[in-house]
Amino acid sequence: MGFLPVYFYFIVLSFIVSLLVYSGNRYRYIKLFPPFLFVTMTAEFIGSYLFSLGKNNLYIYNFFSVLEFCFYLYVISLLIINQRIKKIIRLTSIFYAIISIVNIVFIQGMDTVHTITYSIGCLIIVMASIYYFYELFRMPKSVRLSRNPAFWICSGLLFFYICGFPLFAFINFWSRFRWVVNSFDSIMMILNIFLYSLFTIGLLCSRPPKFTSSSS
């Protein structure tokens, strides 16, 4: 298993926690995470294994990233209160999937990173996450953020894709700097660890607190 990246084990941890909090969970979007994280682990395992053999694995990550963007947009749409924005986000995810697949298959190709549509996906996730926070902080009642799973999940997505956008959108520019090229994997490693760590915190927060009563 030496071919697996460090962040893979953070995905495994999130997956295990998602299974532990699944039963009786009151949040609909939380119940979507176990199958998604399982698919994530599978894609990462196969991709890393192919890389260790010196084989091209970009087609796996390309198609998985499209699924990933669509999943996150659907989750965010479940968190949005405004029905109009909710529908816009879901329609956007459908159009994004179509455009991305066309780009991967016919334009940029399956053997290269689909930087154009990946960058667009980053922007869409960032805008959707920002709108979630806009609604969150406009709520008439105060919300305890530390116990709000959606807050942790959207915080992870916002940070990950804000950092990911300049990396992929200007990848041709960054390729001029050797230190950026050499540090790219390390940067993505840190971002992934941060993302799945916040997912794990959010999943743990989704469990209802247990109260104990004492009889006198």
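Me: Phe 194 sits in helix H8 (residues 178-205). What makes Phe 194 count as partly exposed?

Reply: This is a predicted model, and in it Phe 194 has a relative accessibility of 34%. Buried needs a value under 20% and exposed a value over 50%. Since 34% falls between those cut-offs, Phe 194 counts as partly exposed.

Me: How far is the C-alpha atom of Phe 194 from that of Tyr 59?

Reply: Those two C-alpha atoms are separated by 25 Å, and along the chain the residues are 135 apart.

Me: Why is Cys 70 called buried?

Reply: The cut-off for buried is under 20%, and Cys 70 comes in at 18% relative accessibility, so it counts as buried. Cys 70 is part of helix H3. Phe 95 is 25 residues from Cys 70 in sequence, and their C-alpha atoms are 9.8 Å apart.

Me: How do you know that H3 is largely enclosed by the rest of the structure?

Reply: Count the buried residues: 16 of the 22 in H3 qualify, so H3 is largely enclosed by the rest of the structure.

Me: And how do you know that the span of helix H3 agrees with 1.5 Å a residue?

Reply: Helix H3 covers residues 58-79, and at 1.5 Å a residue its 22 residues should span 32 Å. Its end C-alpha atoms are 32 Å apart, so the two values agree.

Me: What about helix H1: how does its reach set against the expected value?

Reply: Helix H1 (residues 6-20) has 15 residues, with 21 Å expected at 1.5 Å a residue. From first C-alpha to last, H1 reaches 22 Å, which is close. Among the buried residues of H1 are Tyr 7, Phe 8, Ile 11 and Phe 15.

Me: Which residues of the lining are closest to the centre of the second largest pocket?

Reply: The second largest pocket holds about 190 Å³ of space. It is lined by 13 residues, and Tyr 27, Tyr 29, Leu 78, Leu 79 and Ala 150 are the closest to its centre. H3 and H5 are the elements that each give two or more residues to this lining. By class, the lining splits into 10 nonpolar, 1 polar and 2 charged residues.

Me: Ala 150 is on that list. What makes Ala 150 buried?

Reply: Ala 150, which lies in helix H6, has a relative accessible area of 4%. That is under 20%, so Ala 150 is buried. Ala 150 and Leu 203 are 53 residues apart in sequence and 8.9 Å apart in space, C-alpha to C-alpha.

Me: At what angle does helix H5 pack with helix H6?

Reply: Helix H5 (residues 115-137) and helix H6 (residues 149-169) pack at about 145°, with 8 Å between their axes. Their contact is made up of 20 nonpolar and 5 polar residues, with no charged ones. As for handedness, H5 passes H6 in a left-handed crossing.

Conventions. Residues are numbered from 1 along each chain as its sequence is written. This is a predicted model: local features need pLDDT of at least 70, side-chain atom pairs count only at pLDDT 80 or more; totals for chains, interfaces and linings use all residues. Side-chain values use heavy atoms; hydrogens and water are left out. Helices (H or I, at least four residues) and strands (E, at least two) are DSSP runs, numbered from the N terminus. The expected span of a helix is 1.5 Å times one less than its number of residues. Buried means under 20% relative accessible area, exposed over 50%, partly exposed in between (1.4 Å probe, protein chains only). Axes are lines fitted to C-alpha atoms, for helices over the stretch in contact, and angles run from 0 to 180 degrees between N-to-C directions. A crossing is left-handed if the near helix is turned anticlockwise from the far one by less than a right angle, and right-handed if clockwise. Ala, Val, Leu, Ile, Met, Phe, Trp, Tyr, Cys and Pro count as nonpolar, Asp, Glu, Lys and Arg as charged, and the others, Gly among them, as polar. On a 1 Å grid over the protein atoms alone, a cavity is a set of points where a 1.4 Å probe fits but cannot get out, and a pocket is an open set with protein on both sides within 12 Å along at least five of seven lines; lining residues have an atom within 4 Å of a point. Grid points are joined across faces, edges and corners, and a volume is the space filled by probe spheres set on the points.
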